[in-house]
Amino acid sequence: MKLCLKPTIIPFKLEGQVVLRFNGQYAKIPDPHGAIWEFATALDGSAPFETLINQVAERHPAVDQEDLRSVAQDLIRYRLVESPDAFETTSLSDHDRNRFSRNIDFFGSMAAVGENKFSSQEKLRAARVCVLGCGGLGTHILFDLVALGVHHLTILDFDKIELSNLNRQILYKESDIGMPKVETARRRLLEFNSHLDITAHETRLESAQDVARVVSGHDIVICVADKPANYMADWLNEACVQEGVPFISGGLDVRRSVFYSVVPGSSGCGACWLTSARNKSSLVNSISTMAKQHDITYRHPGPALVTLVAVTAGMMVSETVKILTGCQPPQLTNKLKEFTFDDLDVGIAEVWQQNPDCPVCGHLANSQQLSVQTETV
Ligand SMILES: [Zn+2]
């Protein structure tokens, strides 16, 4: 097998040892004869590593070949090397391989030997992503998604662009004022990447059924639509659980932002969270009931600082990457995370579990338990 030191590894030759620096960590390998340094720096994918071991051992008779083999196995185990043989096939075009080469090495930093480092980028390219809301968070998220290499997008909004949007909504400019957000966003994204496949809906969502019609057939939904304030989260949750589509939702709350994700069938849903929050606090129970009954929200548009928008968009798109590519497990399920401007910390604001009696997702929990029981029998 041919092996290559990953491009994300920096080798250092120190007194009696080789140190490999990667992702803020250091792998230290004793090297009294200089043979390990020779071996590590010869790993460029041009020859099988067994051949390199033989060549290095010939030049260093004092070194046991088994020690070199053991180092090679450790490099493989700790994912510090890649095999160019695994990269021979990819569905990515030359344009995409070049455009997203920095992403590809990012994903490659996590890949095991033999895994194709192009596969995460291919998954982003193939994914169908729906973004509800093209305001502050929506425009940042869309820009990030397209920069990432997401190709199939559905976007939705009903608003027109106003001067007061330009403190944070980065896809719009002064000459766009008065224009529909969704069409302007579509045009601007196509200027950024002319190959995109974008479906734009200029419409207002008025029920869970409306949301279900739009999100059906997508691999993930990112919801940053905040109107109607007291109903949107419920409609989104109901529609996505019904359609079996994972979703990520988030928003600003004065000097903090909050964000969470739901993967139907494997995590709790928004209704599980609401039940849990109401059971934990009678105040939350009273306030949320009253807000919904009388549709109480801010009387004026809420404050929105672009820095909170940018951080939150980055968090939500990171979770999107994890869910779409499977490169790492999701980090926002069963919990509400918050970014606070006051101390610049990201923390967990609330946690919940999948509730087997949940009126929205309980049937998924029950069917999962059934299948587990069947397998046990
Ligand atoms: Zn639920």
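I'll start with one residue. Leaving aside residues up to four places away in sequence, Thr203 touches Leu156, Asp157 and Phe158. This is a predicted model, so please take what follows as computed from it.

Where does Thr203 sit? Thr203 belongs to the loop that runs between β9, residues 197–202, and α9, residues 208–215. As a distance across the chain, take Thr203 and Ser286: the two are 83 residues apart in sequence, and their C-alpha atoms are 32 Å apart in space.

Now to the sheet. Three strands make up an open, antiparallel sheet, and their order is β5-β1-β6. The edges are held by β5, residues 44–48, and β6, residues 81–82; each has a single partner strand, so one side of each is left without a neighbour in the sheet.

Let me take the pairings in turn. Strand β1 covers residues 2–5 and pairs with β5 over two bridges, in the antiparallel sense. Lys2 has Pro48 of β5 as its bridge partner, and Cys4 stands opposite Asp44 in β5. Turning to β6, β1 is joined to this strand by two bridges, again antiparallel. Here Leu5 of the chain stands opposite Val81 in β6.

What packs on this sheet, going back to β1 and β5? The pairing of β1 and β5 runs over two bridges. Helix α2, residues 49–59, packs on the sheet and touches both β1 and β5. The direction of α2 makes about 80° with that of β5.

Last, the whole protein chain. How many helices and strands does the protein chain have? There are 14 helices and 14 strands. The C-alpha trace spans about 85 × 60 × 40 Å along its principal axes. The chain has 377 residues, and 47% of them count as buried. Among contacts with a separation of 6 or more, 65% come from residues 24 or more positions apart.

Technical notes
Residues numbered from 1 in each chain as written. Predicted model: local features only at pLDDT ≥ 70, side-chain atom pairs only at ≥ 80, totals over all residues. Heavy atoms only, no water. Pairing = 2+ DSSP bridges. Helix = DSSP H or I, 4+ residues; strand = E, 2+ residues; numbered from the N terminus. Contact = heavy atoms within 4.5 Å. Axes fitted to C-alpha atoms, helices over the stretch in contact; angles between N-to-C directions. Buried < 20%, exposed > 50% of the residue type's maximum accessible area, 1.4 Å probe, protein only.
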